[in-house]
Amino acid sequence: MQLLLEQLSQSLGDPALAAARAAPETRVLFTPNGLQLRALGDPALERSEVQAAGVAFIVRVCASQALMIAVDDVQRADEPSLALLASLALQAHQLRLLIHVTVDADEREHRPPAFQVLVEHAAVEHLTALD
């Protein structure tokens with residue numbers, strides 16, 4: 001989740017980023033001066049609060065511009081990132097948001113519930129392996 005939010009923050013234009021940062025529900029993500037993303041692994045932060053703030057941040061961005069999130073090999077994502085993506089997938093039909101992920105079907109380790117939410121809200125296209 002940290003990487004996704006960092007990349008999004010770096011790629012946004014100033015007005016969209018300023019609007020997303022100014023929202024009360026996203027303040028937990030940023031340093032007190034509001035200029036930098038906090039280290040989200042900080043034990044002082046509640047995971048549910050960080051996830052809700054991450055979702056709110058992306059929803060705010062989608063209010064000002066269309067957004068596509070692309071994740072390769074999503075089965076390797078950590079659980080907080082999957083939870084963020086799953087929360088967004090539940091709302092994507094109401095937002096200017098496209099979430100595109102790839103999954104290596106051969107990797108079938110334990111997949112957390114958030115992964116299943118992504119699958120349930122996806123248009124699945126099975127591709128053959130490239131040689």
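The model is predicted, so local features need pLDDT of at least 70 and side-chain atom pairs count only at pLDDT 80 or more, while totals for chains, interfaces and linings use all residues. Residues are numbered from 1 along each chain as its sequence is written, and side-chain values use heavy atoms, with hydrogens and water left out.

The largest nonpolar core holds 35 residues. Such a core is a set of buried Ala, Val, Leu, Ile, Met, Phe, Trp, Tyr and Cys residues joined through side-chain atoms within 4.5 Å; buried means under 20% relative accessible area (1.4 Å probe, protein chains only). Leu5, Leu29, Phe57, Ile58, Leu67 and Leu97 touch the most other members. Elements supplying at least two residues each include α1 (2-11), α3 (47-64) and α4 (79-91). Helices are DSSP runs (H or I, at least four residues), numbered from the N terminus.

α1 and α3 pack at about 30°, with axes 11 Å apart. Axes are lines fitted to C-alpha atoms over the stretch in contact, and angles run from 0 to 180 degrees between N-to-C directions. α1 is therefore roughly parallel to α3 (under 35 degrees). Leu4, Leu5, Leu8 and Ser9 of α1 meet Gly54, Phe57, Ile58 and Val61 of α3, contact meaning heavy atoms within 4.5 Å.

α3 and α4 pack at about 45°, with axes 10 Å apart.

Terms used: Buried < 20%, exposed > 50% of the residue type's maximum accessible area, 1.4 Å probe, protein only. Parallel < 35°, antiparallel > 145°, perpendicular 65-115°, else oblique.
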